[in-house]
Amino acid sequence: MTGAAEPARSPLRTRPEPSFAGTPPFPEAARDALANKQLRTNLGRATTTIRTKRAAVVAERADWEALRLAGAAIKDEVLRDLPALLEQLEAAVTAAGGTVHWARDAAEANAIVASITHDAGATEVVKVKSMATQEIELNEALRLEGIDVWETDLAEMIVQLGHDLPSHILVPAIHRNRSEIRDIFIDEMGRVGRPAPAGLTNEPAELAEAARLHLREKFLRARVAVSGANFAVAETGTVVVVESEGNGRMCLTLPEVLITVMGIEKLVPTWRDLEVFLQLLPRSATAERMNPYTSMWTGVTAGDGPAAFHLILLDNGRTDVLSDTVGRQALRCIRCSACLNVCPVYERTGGQAYGSVYPGPIGAILTPQLRGIAKHPVDKQTASLPYASSLCGACFDVCPVRIDIPEVLVHLRGQVVRQSEASHRLPSPEGMGMGAAAWTLRTPRRLGLAERAAGVAGRLFARRGMLRRIPGPGPVGGWFRSRDLKAPARESFRAWWRRTDGGRGGDR
Amino acid sequence: MRVALFITCYNDLLYPEVGQAIVRLLRRLGHDVDFPAEQTCCGQMHFNSGYQDACIPLVQRFTAAFAGYDVVVTPSGSCASMVRRYHPLVAELAVEGGADPGLSERVAAVSPRVLELTEFLVDVLGVTDVGARFPHTVAFHPTCHSTRLLGVGDRPTRLLAAVDGLTLVDLPRSEACCGFGGTFAVKNADTSVAMGTDKVDDVLGSGAEVLTAGDTSCLMHIGGLLSRRGSPVRVMHLAEILAATGADA
């Protein structure tokens with residue numbers, strides 16, 4: 001590719017795309033986010049609204065639990081028969097005039113997209129909103145190949161124009177309010193295309209019109225489009241994209257060449273299976289009974305839509321996830337974001353604190369697995385993600401494909417601990433504390449002695465039954481920054497029971 | 001019916017009055033309760049923090065301590081859910097690893113008999129009016145594990161509604177997690193406190209004199225925040241309210 005003539009540089013191409021690389025471990029990243037009052041206000045308002053609406057449309061369906069069970073069962077079938085189903089899909093897409101490519105990792109997938117774009121003689125692509133292409137950092141890879149990438153989903157466009165990082169799977173600019181979006185449009189649109197109209201206000205209709213005008217120019221000019229896929233039907237070779245705006249439909253129909261990057265788990269076996277997911281997804285994602293635009297295509301059709309269709313099947317860690325019998329349920333995910341919207345941690349920290357394009361509860365179980373936690377030790381930021389949850393379980397309750405996120409979080413914590421134990425000669429302070437606690441709890445005698453000691457310490461340091469701090473350093477110091485702690489009782493229940501014969505001895 | 005009390009390790013150490021309240025309450029209702037002294041801890045802290053192997057001896061001990069009882073009643077929805085839902089998983093680890101090939105069977109004989117207090121009162125004893133008197137304004141926090149893992153539903157509020165003199169006030173966003181989360185409270189202390197602060201704001205806004213719940217672990221966190229703010233709002237376990245007769249409140 002380096003031999004290609006250098007096209008004129010557009011402003012977007014002169015600086016690297018923002019990246020999650022370098023995000024600190026979750027507790028630290030969360031601390032910064034928690035300090036941002038505007039962010040917390042924006043997020044609290046947005047998640048409360050979508051959460052309430054989702055609950056209302058889900059409550060309309062008497063068969064919601066049956067749909068969830070069906071969704072989980074179909075996805076489990078896909079994961080069980082994945083190799084055969086993928087080959088069936090490949091055969092069907094090829095028979096319908098498409099070309100199928102296999103990509104083991106991000107680098108392979110990005111190289112295939114760049115190569116197809118160069119071969120088409122194009123220097124820019126329009127993009128449909130897609131998590132797979134965010135995951136492989138396609139935009140940055142294409143920029144380095146001299147190709148301009150235009151995000152056309154409204155929220156993705158806001159993130160791109162703002163040189164920002166996404167903070168939500170479905171609504172990547174959820175951390176921005178209307179006034180911030182207006183400012184981004186005014187400052188940035190003119191640098192990469194049609195400027196924002198003069199006198200733009202923060203009224204939603206005006207903002208939408210500014211986006212429409214800005215994007216139309218790009219839709220009409222682009223010769224190559226890149227999309228992801230919500231589903232692909234193995235038996236027919238049909239690829240499905242579900243969206244709300246219609247901007248995806250423009251990309252999927254106007255350009256000459258369409259490239260779709262799809263995670264290998266996005267399959268459904270049969271056309272009929274879509275019935276389940278096209279009910280589960282819109283209600284869970286946008287709280288709509290049915291999404292406004294559902295685009296389906298099978299290979300190419302002469303005289304109608306793109307003349308060439310390329311489907312890139314992306315592994316990028318997914319077969320590693322599949323090898324973990326507990327963790328693999330994360331591959332059922334249909335990227336609806338319902339778990340983000342109900343998560344009390346996400347609501348307060350926002351998505352960027354997770355350091356991944358997959359934030360929130362699903363990100364906390366998917367990111368470490370895609371980064372290979374089952375196979376090799378992971379970095380500190382990745383290892384912090386399974387702990388970014390109070391295990392409240394709200395995510396599991398709303399998941400349309402019944403991913404038991406708390407179960408997987410705890411399972412991954414076990415992997416983190418085992419890796420830590422294997423890679424250090426001496427146990428960590430936490431490991432020593434846990435070891436001491438386990439030793440103490442192993443017999444009632446040890447526990448009784450520890451309780452007596454704690455009771456004495458409590459009497460020495462407590463005021464009106466509460467401790468304001470624990471003397472000396474310790475891993476639990478964070479407790480006391482904003483909280484007191486109930487002091488250990490003078491007499492444990494165990495000791496009371498023995499002394500009073502279970503309260504029968506008169507002295508209660 | 002042989003009934004055992006599983007006090008839980010932190011109630012044993014920090015809140016013995018909760019266990020004493022259960023003993024009083026059940027005796028008032030005509031049921032004696034045993035305290036098997038061999039019990040220690042359900043292992044939840046280790047399990048949820050990723051130290052699952054360390055849980056195996058704790059599960060072995062739990063299963064041995066409570067074998068032979070018809071019902072094991074506990075003042076913690078969280079520990080009850082650990083026993084009912086995750087002890088079988090720990091046993092599987094022990095079986096697969098060869099540590100204890102018979103543990104799954106022994107767990108299966110005990111863990112389904114472990115009931116959170118309100119499940120025991122409403123489902124087994126069939127009472128909602130336990131003859132309590134507690135003339136105070138009370139808000140109820142439905143803790144996550146009792147609600148989402150055990151599914152105790154409206155049992156606690158039905159019991160509270162029958163308490164003489166008690167005024168139950170609405171707690172806004174009551175189903176939201178308080179942010180305790182076991183070791184989450186120290187590993188992610190800032191996020192935990194942010195969640196707890198919102199909960200405390202809702203409690204203070206409710207006008208309650210007392211906040212109650214079926215888990216003292218959550219109450220320890222919320223109570224710790226209230227105490228640091230100097231708030232007069234008290235936290236009390238449900239059992240203490242249900243055991244109260246007016247003379248002792």
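Two bridges link strand E2 (residues 124–127) of chain A with strand E4 (residues 224–227) of chain A, and the two strands run parallel. Strands here are DSSP runs of E with at least two residues, helices are DSSP runs of H or I with at least four residues, and both are numbered from the N terminus. Two strands pair if DSSP finds at least two bridges between them. Within E4(A), Ala225(A) is the bridge partner of Val126(A). The model is predicted, and local features need pLDDT of at least 70, side-chain atom pairs count only at pLDDT 80 or more, and totals for chains, interfaces and linings use all residues. Residues are numbered from 1 along each chain as its sequence is written, while chains are lettered from A and ligands numbered from 1 in the order in which they are written.

In chain A, six strands form an open sheet in the order E1-E10-E7-E4-E2-E3, with parallel pairing. At its edges lie strand E1 (99–103) and strand E3 (148–151) of chain A, each of which pairs on one side only. From one strand to the next, the twist averages 25°.

Chain A also holds an open sheet of four strands, ordered E8-E5-E6-E9, and here the pairing is mixed. Strand E8 (267–268) and strand E9 (293–298) of chain A are at the edges with a single partner strand each, so one side of each has no neighbour in the sheet. Six bridges pair strand E6 (residues 238–243) of chain A with E9(A) in the antiparallel sense. Across strand E5 (231–233), E6, E8 and E9 of chain A lies helix H12 (residues 274–285) of chain A, running at about 170° to E5(A). Such angles run from 0 to 180 degrees between N-to-C directions, and axes are lines fitted to C-alpha atoms, for helices over the stretch in contact.

Helices pack against each other as well. The axes of helix H16 (residues 360–370) and helix H19 (residues 405–423), both of chain A, come within 10 Å and cross at roughly 40°. That angle makes H16(A) oblique to H19(A); angles under 35 degrees count as roughly parallel, over 145 as roughly antiparallel, 65 to 115 as roughly perpendicular and the rest as oblique. On the H16(A) side, the contact is made by Pro361(A), Ile362(A), Ala364(A), Ile365(A) and Pro368(A), and H19(A) supplies Ile405(A), Val408(A), Leu409(A) and Leu412(A). Residues are in contact if their C-beta atoms, placed from the backbone, lie within 7 Å. By class, this contact has nine nonpolar, no polar and no charged residues. Ala, Val, Leu, Ile, Met, Phe, Trp, Tyr, Cys and Pro count as nonpolar, Asp, Glu, Lys and Arg as charged, and the others, Gly among them, as polar.

Turning to the two chains together, the contact takes 53 residues from chain A and 53 residues from chain B. Elements giving two or more residues to the chain A side include H19, helix H20 (429–441) and helix H21 (444–461). The residues of that side divide into 30 nonpolar, 10 polar and 13 charged.

Chain B is assigned domain 1 (3–124) and domain 2 (137–243), with bounds that come from an automatic or database domain assignment. Taken over C-alpha atoms, the centres of these domains of chain B are separated by 22 Å.
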